[in-house]
Amino acid sequence: MSSESRLFGYPWRYPFVVFERGPRCNDLAPVWRQNGQALIGGKRWGQVWGAAAIEHQAAEIERGGEQFNFASLALALEIGAVTRPDNATYLREAFGERPGLLQAADRFDEAGQAYAAAQGAVAGGVATRAAARRVADHLRRAAAAECAAGQQFLAQIAGPTAGRRAYVSGTARG
C-alpha cells in the first residue's frame with residue numbers, strides 16, 4: 001500500500017471506501033455488455049484495450065525480441081495468472097446453470113494458464129528472439145481466450161432474463 005500511495009501521490013497510506021446500498025437490479029444485460037466489450041477490446045483514438053491490447057503487446061514483443069523490456073510486463077502477467085482463474089471460479093459458483101457463462105469460465109481458465117506460462121517464460125529470462133516469440137504466443141492465447149469470454153458475455157444479452165442473479169448498484173464515497 002505504501003508504494004502504491006507513493007506512486008500515485010495519494011495523501012493517505014490506506015484508502016478506505018464505503019459503498020452505500022443502491023437500488024436492486026435484476027437485469028444484468030448492461031453488465032454483460034460492458035464487460036464483454038471491455039474483454040474483446042478495440043482501438044480508438046490511439047487507445048487500445050482488452051484482447052486487442054494484449055495482441056498489440058504481443059506484436060511489440062515480437063518487434064523488440066529479446067531486447068523488449070520484459071520487467072515492465074511482469075506485474076500484468078501476474079495479475080492475469082491470478083485473477084482469471086478467480087473470475088472463472090466466480091462464474092461457476094454464481095452462474096453454474098448457464099452454459100454460456102460456464103464456457104466463459106473455461107476461457108478465463110485458459111487465459112490464466114496462458115498468462116502463467118508467459119510469466120514462467122519471462123521469469124526464466126528471455127535471451128533469444130525465439131524465446132520472445134514464445135512469450136508473444138502465450139499472450140496471443142490469452143487474448144483469444146479473453147475475446148471468447150467477452151463474446152460469451154455479449155451472448156448473454158440476447159438470452160432470457162429469467163433466473164439472472166440480482167446485483168446491487170451503489171455509489172462509492174471515501
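Visitor: Contact means heavy atoms within 4.5 Å. Among contacts in the chain between residues at least 6 apart in sequence, what percentage join residues at least 24 apart?

Guide: 73% of them do. This is a predicted model, so local features need pLDDT of at least 70 and side-chain atom pairs count only at pLDDT 80 or more, while totals for chains, interfaces and linings use all residues. Residues are numbered from 1 along each chain as its sequence is written, and side-chain values use heavy atoms, with hydrogens and water left out.

Visitor: How many helices and strands are there in the chain?

Guide: The chain has 6 helices and 4 strands. Helices (H or I, at least four residues) and strands (E, at least two) are DSSP runs, numbered from the N terminus. Read from that end, the order of elements is α-β-α-β-β-α-α-α-α-β.

Visitor: What box do the C-alpha atoms fill?

Guide: Roughly 55 × 45 × 35 Å, taken along the principal axes.

Visitor: And how much accessible surface does the chain have?

Guide: About 10,500 Å², with 55% belonging to carbon and sulfur atoms. Accessible areas come from the Shrake-Rupley method with a 1.4 Å probe; for residues, only the protein chains shown count as cover.

Visitor: What share of the residues is buried?

Guide: 30% of the 174 residues. Buried means under 20% relative accessible area, exposed over 50%, and partly exposed in between (1.4 Å probe, protein chains only).

Visitor: Which residues of the largest nonpolar core touch the most other members?

Guide: Ile 61, Phe 70, Leu 73, Leu 77, Tyr 115, Val 135 and Leu 139, out of 23 residues in that core. A nonpolar core is a set of buried Ala, Val, Leu, Ile, Met, Phe, Trp, Tyr and Cys residues joined through side-chain atoms within 4.5 Å.

Visitor: Which helices each supply at least two residues of this core?

Guide: Helix 3 (50–64), helix 4 (74–95), helix 5 (99–123) and helix 6. Helix 6 gives the most to this core, with 8 residues. Apart from this core lies another one, of 13 residues, including Leu 28, Ala 88, Ala 94 and Leu 101.

Visitor: Back to Leu 77. What is Leu 77 in contact with?

Guide: Leaving aside neighbours within four places in sequence, Leu 77 contacts Tyr 115, Ala 118, Gln 119, Val 122 and Leu 139.

Visitor: Now Glu 146. Where is Glu 146 found, and is it buried or exposed?

Guide: Glu 146 sits in helix 6, residues 129–158. With a relative accessible area of 4%, Glu 146 is buried.

Visitor: Which side chain does a polar contact join to Glu 146?

Guide: That of Arg 84, at 2.9 Å. A polar contact is a pair of N or O atoms within 3.5 Å; within protein, one must be able to donate a hydrogen and the other to accept it, and residues adjacent in sequence count only if both atoms are side-chain atoms. Not counting residues up to four places away in sequence, Glu 146 touches Leu 39, Ile 54, Arg 84, Ala 111 and Tyr 115.

Visitor: Which residues does Arg 33 touch?

Guide: Leu 154 and Ile 157, not counting residues up to four places away in sequence. Arg 33 lies in helix 2 (residues 29–40) and is partly exposed, with a relative accessible area of 36%.

Visitor: Last one. What phi does Trp 45 have?

Guide: A positive one, about 50°, although Trp 45 is not a glycine. Most residues other than glycine have a negative phi. Trp 45 lies in the loop between strand 2 (42–44) and strand 3 (47–49), and counts as exposed at 77% relative accessibility.
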